[in-house]
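Let's walk through how to read a few features of a protein model, one question at a time. Keep the sequence and the 3D view open as you go.

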Amino acid sequence: MTQGEVRELVWNALAQHRAATYPTPPHGHHPNFIGASRAAERLMGLKLWQMATVILAGPDQVLKPLREAALKSGKIVIMPHPDKTGRYLSLEGLLPHQLKRVREVAQLGKPIDLSQTTIDLVLVGSVAVDERHNWLGKGYGFPYKNLEVAAPWVTLAHTLMIFDELPCQPERKVDLIATPHQVIGA
């Protein structure tokens with residue numbers, strides 16, 4: 001299978017089983033899914049999360065509970081600029097209620113040089129993952145293909161998004177996958 005075929009398979013399965021939640025349909029996104037908040041809670045219970053002080057987070061809706069929890073607890077959240085590829089913004093000192101929409105990051109965030117910043121954790125959305133920590137994203141946007149950050153990479157996934165082995169070439173590896181039912185790699 002191609003990466004595109006795997007994406008379509010997962011998006012269709014989430015839609016068919018009514019496992020996707022806003023924004024729907026899941027096609028073209030790192031999907032948000034029913035149980036994502038439970039998966040986020042599993043992640044937040046780990047020492048990896050608790051020890052992180054600087055988090056690079058994707059803009060996907062599925063990651064919103066993690067971004068909000070990080071801001072509430074005083075962690076520094078860094079996000080990609082919504083309009084400028086390769087640019088990043090620090091949300092240090094902001095509170096979750098100040099960011100009603102991801103687009104507001106451009107007005108409220110402060111530019112930051114990612115290469116001069118120590119990142120403790122990278123949060124990314126996903127379309128498909130496997131038991132070997134292979135990751136497939138939506139095919140564009142964040143995380144950028146050439147993005148290298150020396151920190152653990154973490155994603156959230158619904159069971160319909162998890163394969164024993166991806167039937168295509170992965171885009172990258174992740175270190176940990178949190179689902180509503182388990183944590184793979186902890």
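## Reading a few residues

Q: Before I start, what kind of model is this?
A: This is a predicted model.

Q: Is R132 buried, partly exposed or exposed?
A: Buried means under 20% relative accessible area and exposed means over 50%. R132 has a relative accessible area of 46%, so R132 is partly exposed.

Q: Which residues does R132 touch, leaving out those up to four places away in sequence?
A: With those left out, R132 touches E165 and K173.

Q: How about S90: buried or exposed?
A: S90 belongs to strand β5 (residues 88-90). Its relative accessibility is 8%, so S90 counts as buried.

Q: What does the side chain of S90 have a polar atom 3.2 Å from?
A: That would be the backbone nitrogen of E92. Beyond four places in sequence, the contacts of S90 are I76, V77, I78, G109, K110 and I112.

Q: How many residues are in the largest nonpolar core, and which touch the most other members?
A: That core has 62 residues, and those touching the most other members are L43, L56, I119, L123, L147, V149 and L156. Take L43: setting aside residues up to four places away in sequence, L43 touches W49, L66, L123, V154, L176 and A178.

Methods. Residues numbered from 1 in each chain as written. Predicted model: local features only at pLDDT ≥ 70, side-chain atom pairs only at ≥ 80, totals over all residues. Heavy atoms only, no water. Helix = DSSP H or I, 4+ residues; strand = E, 2+ residues; numbered from the N terminus. Buried < 20%, exposed > 50% of the residue type's maximum accessible area, 1.4 Å probe, protein only. Polar contact = N/O pair within 3.5 Å; in protein donor to acceptor, adjacent residues only side chain to side chain. Contact = heavy atoms within 4.5 Å. Core = buried A, V, L, I, M, F, W, Y, C linked by side-chain atoms within 4.5 Å.
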